[in-house]
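Dear colleague,

I am handing over a structure for you to look through, and below it I have set out what was found. Please keep it open beside this email while you read.

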Amino acid sequence: MLNTSRARRGMVTSPHHLASEAGLRVLREGGNAVEATLAMAAALAVVYPHMTAIGGDGFWLVAPPGEAPVGIEACGRAAARATPALYLDAGLEVIPPRGPLAANTVAGTVSGWGEALALSAEKGGRLPLSRLVEDAVWHARNGFPVTASQSELTAQKLPELADVAGFAPSFLVDGAPPATGSVMKLPALGDTLARLGTEGTDAFYRGALAREIAQDLAAAGSPVSAEDLAACRARRVAPVSVGLPGMMLYNMPPPTQGLSSLMILALFSRLGVDAAEGFDHVHGLVEATKQAFLVRDRIVGDPDAMGEDPRAWLTDEALDRLAARIDPARALPWPAPPSAGDTVWLGAIDGEGMAASFIQSIYFEFGSGVVLPQSGIVWQNRGSSFQLRGEGPRVLAPGRKPFHTLNPAFATFADGRRMVYGTMGGEGQPQTQAALFSRYALFGQELQAAITAPRWLLGRTWGAETVTLKLESRFPPELVAALREAGHDVEVVAPFDQMMGHAGAIARHADGVLEGAGDPRSDGGPMGF
């Protein structure tokens, strides 16, 4: 994708074209941005099952026309039975990344769908959930073509997943990964989505469907119970924000890493860089990332267990102090503790100006790998990020929320523009946000060019095991050499590498013109009308 898409009546973007089409259909029928985003989220849970599912968590930023954004936190808590002793007594020093003991938190995203629909209705939304899951149900029951990324990742992760409860019957064909382009059906998931459309999102947590979910989780060996499901509620939260000259940036508060996304851009804006793509741009953002991650890894986790207010790190005093630590010529020694993650970001802005930035995740590809037979739900492994020993907000405890890499972004500009943007990619999410936003907002690049341009990634993330500074091979050799000379441990990767995330963005100008962009590294992109 080379050119920015433009429209007037509405725009959506997602990492799969069938999901984008589902969102566009909703906008054409008079639905708003929230309704379109929910339709895309449901469709992605079917056609991109390695990246997301309704058995995961979700976070929204919703901005009604002319208003500041509202956050919706749909993060499931650790089960009442999920204690360090559960694992330590079994001889485990860490929570396993796959299997039923990794499925130790409630899946919150469907509760977030419900809260988002309630907010939508307050602002005039009218489409029922049964309509919004229509495309997802059709694809699940009638079949969808398997993407190359699903086929390749199934093969790559098969040794970890083949023996996990429910995985093989759902996602293997005669014991092997599905071929790219082959048709896959997920009828049990389709029936579950149809039931949610009829019965409402509350059915996921309380009632007959919830009992079936709890039965299958127990049969698989997960500690999550019916009581844990019944206690789940999404909640509206105030976003964290920071001002840059001529613009205001918003993101999600803990337990997400939204703080670090804002800090990177705020620190970089203090470095005096005046041009994109050169050494100062890449080095400056990488070094800002290191400072932000050091703060994030020290303080961010379950907000009820945190000892510091994250907003204290977004003051001018704190940001000036950290920016002064950045050497404009030399790299700070790295790494710090890495994080992984598998996710989808999607967004929409409708013709009236309502904006939705949403991210939904099951953590690793296919999450825990546990697939519930009665409902077809893939359950997340977000709780595998908990620690079993020590102190702090990331130590496992019943009812505690896990640390999340998820962070949907939103920005407003003094010239009247409003922008939603984000990406999948775990540790890379704040870095990709910084790359695309700085290129577009600070240096005036076209929106699509800002996403298509070569990207970098510091540390380990989705699809990558090393903790180097990874650069796509399209960067000029002289820039690569300069970064190495400055002390960066550089690794050159493929020209359009999926580990760099699946980014997207939509901007609405004051005159109503919409600009949309998608990622050539994904299977989707923007659609408008």
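Leaving aside neighbours within four places in sequence, Phe 204 is in contact (heavy atoms within 4.5 Å) with Ile 54, Ala 107, Val 110, Leu 196, Leu 209, Ala 210, Ile 213, Leu 229, Ile 377 and Trp 379. Please note that this is a predicted model, in which local features need pLDDT of at least 70 and side-chain atom pairs count only at pLDDT 80 or more, while totals for chains, interfaces and linings use all residues. Residues are numbered from 1 along each chain as its sequence is written, and side-chain values use heavy atoms, with hydrogens and water left out.

Phe 204 is also one of the residues that touch the most other members of the largest nonpolar core, which has 93 residues. Such a core is a set of buried Ala, Val, Leu, Ile, Met, Phe, Trp, Tyr and Cys residues joined through side-chain atoms within 4.5 Å, where buried means under 20% relative accessible area (1.4 Å probe, protein chains only). Helix α2 (residues 33-47) gives this core its largest share, 13 residues; helices are DSSP runs of H or I with at least four residues, and strands are runs of E with at least two, numbered from the N terminus. Another core, of 58 residues, lies apart from the largest one, and Trp 313 and Trp 456 are among its members.

Trp 456 also has a bridge partner, Leu 471 in β15. Strands β14 and β15 (residues 469-472) pair in the antiparallel sense over three bridges, pairing being counted if DSSP finds at least two bridges between two strands.

Notes: Buried means under 20% relative accessible area, exposed over 50%, partly exposed in between (1.4 Å probe, protein chains only).
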